[in-house]
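This briefing is meant for someone opening the model for the first time. Please look over the sequence and the structure below before reading on.

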Amino acid sequence: PRLDLLVLPGDGIGPEVVREGVLLLRELEPSLPAELHIREGAIGGAAVDEVGDPLPADTLSAALSAGAVFLGAVGGPRWENLPAERRPEQGLLRLRKEMRVFANLRPLRLPPELSFLSPLRLEILGEGGLDVLIVRELVGGIYFGEPRGIFVEGGERVAVDTLRYREEEIARVVDVAFRIARTQGKPLASVDKANVLASSRLWREVVEAKRAEYPDVPVRHVLVDAFAMDLVRRPTAYGVVVTENLFGDILSDLGGALVGSLGLLPSASLSEGGPHLYEPVHGSAPDIAGQGIANPAGMLLTVAMFLRHTLAAEDAASAVEAAVFATIARGRVTPDLAEACRRAHASGRCPAPEVLS
Ligand code: NAI
Ligand code: MG
C-alpha cells in the first residue's frame, strides 16, 4: 500500500532536523509495510514570508488528506512582532485543532546507560532509567475555551480565559491513555486539580467511569502540584500519565528537564481516524539555527513513534530507538549533550565524547 506523508519543515532548526528524519525514513523504506510518498508544505514563519499566512490553505488540505504529517518547528525572532493571528505559532495551533489531534504523547525516556544525561541523581533514576509517558489533551481546555480576551469592565481591563471540557473530550483522551497503559503493562496516573477546579472534578469522574473497561490497569489520581514535585523526586513511581492541556504543557517541559536536553524528546499527536501529527518537542532554536549542530535525536525518535503508531511496525520502531540511544551511549553526541558526556566520562560512565556537528 501507498502512504502519503506531508513534511512541514518550518523555521530555524526545523528544516535541519526534518532532513535527518526524511533520510532515516528513506533508509528504512525497503523494510516497511508501505511505500512512502513524501511531499513538502509550508508552515510557520516560512509560510508567512511566502504567502502571508502561517497555515496556508493548501498546507491544511494536504495535511487533512495525508497518511501522516511530520513537522519540524515554527517561530523565531523575525516574526515576533506580527499581530497574534499571523504569528507562526498560531499556524501550528490551528493545524493541531483542524487535524483534531487530541492526544499528545510525550515519552520521557532515558535508558539506564544514558542516565548520566539527567540532572537527577542515579539513586533516584534507579536501575531502569527514566520511562514515563505523558499523555496531554491537546485541542481543548483553557487554550481554546470561550469567552476569552481582554475586556473593559467598569473602567478597568479584565482578562478572561475559559477552562472548558465536554465529557466526551475527556473520555477520548483518557481512553487512549488507558489503552497504552494496558499495552505497556504500566499503571496510569491521572493528574488534575480536583480540589479546586470543576473541570478536574468532571475529569476525575470520567476516569473513574473508564476504569470499568480497564480493570487490569492500576489507576491513581494525583493533584497537579503534588505531581510536579513527585515527578522530580521519584519519577520511577510513574508509568503513563494523563492530563489536561495546560497541565500537560507545563509538566512535559518539566519532564524535558529530567531528560537533560529538549533535543532528545519526541512527540506524537493522535487523532481518531484521521492522520496523526509527529513533531519533536523542541522549538526552532534560533540560537543554534543554521550551524548544523541541532540534535536530530528528538526527530529520529519521532520517526520511531510514526513507525509504531501509524504503521504498527513495532520492531522497526524499537530498532530506531535502540540505535539512537546506542549512538549517544558511545559518546557520539551533538554539542547540547557534550558537557554531560564529558562529566560522565570523568567518572567513567561514558566514553570520551566525540562531538558531532
Ligand atoms: P526551543 O526549544 O527552540 O529552544 C530552547 C533551548 O533548547 C535553546 O537553547 C535551544 O538551542 C535548545 N534546543 C532546542 N532544540 C534543540 C535541538 N534539537 N538540539 C540542540 N539544542 C536544542 O525553545 P525557545 O527558545 O523557547 O523558542 C524558540 C522559538 O521556537 C520561539 O519562536 C518559540 O515560539 C518556538 N517554539 C516552537 C515550538 C514548535 O514548533 N513546536 C515549540 C516551542 C517553541
Ligand atoms: Mg510548551
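In which helix does aspartate 225 lie? Aspartate 225 lies in helix H8, which covers residues 224–233; helices (H or I, at least four residues) and strands (E, at least two) are DSSP runs, numbered from the N terminus. This is a predicted model, in which local features need a pLDDT of at least 70 and side-chain atom pairs count only at pLDDT 80 or more, while totals for chains, interfaces and linings use all residues. Residues are numbered from 1 along each chain as its sequence is written, and chains are lettered from A and ligands numbered from 1 in the order in which they are written.

**Confidence**
- The protein chain averages a pLDDT of 96, with 100% of the residues scoring at least 70, where pLDDT is the predictor's confidence in each residue, from 0 to 100.
- For the complex, the predictor gives an ipTM of 0.98 and a pTM of 0.95.

**Annotated positions**
- The unreviewed UniProt entry carries the annotation "binding site" for Arg96, Arg106, Arg136 and Asp225; these annotated positions span 130 residues in sequence, and their farthest two C-alpha atoms are 27.1 Å apart, so they do not all gather at one spot.
- UniProt positions are given in the numbering used here, feature names are shortened, and annotations may be inferred rather than shown by experiment.
- Arginine 96, found in helix H4 (residues 88–99), is buried, with 20 other C-beta atoms within 10 Å, the label being given at 20 or more such atoms, whereas 12 or fewer make a residue exposed and counts in between make it partly exposed, with C-beta atoms placed from the backbone.
- Leaving aside residues up to four places away in sequence, arginine 96 touches Val101, Leu138, Val139, Ser269 and Leu277, a contact being two C-beta atoms, placed from the backbone, that lie within 7 Å.
- Aspartate 225, by contrast, counts as exposed because it has 12 C-beta neighbours inside 10 Å.

**Backbone features**
- The peptide bond that runs from glutamate 146 to proline 147 is cis, with omega near 0 degrees, and proline 147 has its place in strand E6 (residues 145–153).
- Alanine 285, in the loop between strand E12 (276–278) and helix H10 (297–309), has a phi near 40 degrees, a positive value in a residue other than glycine, and it counts as buried, with 23 C-beta neighbours inside 10 Å.
- Alanine 312, although not a glycine, has a positive phi of about 50 degrees; alanine 312 is placed in the loop between H10 and helix H11 (314–329) and counts as exposed, with 10 C-beta neighbours inside 10 Å.
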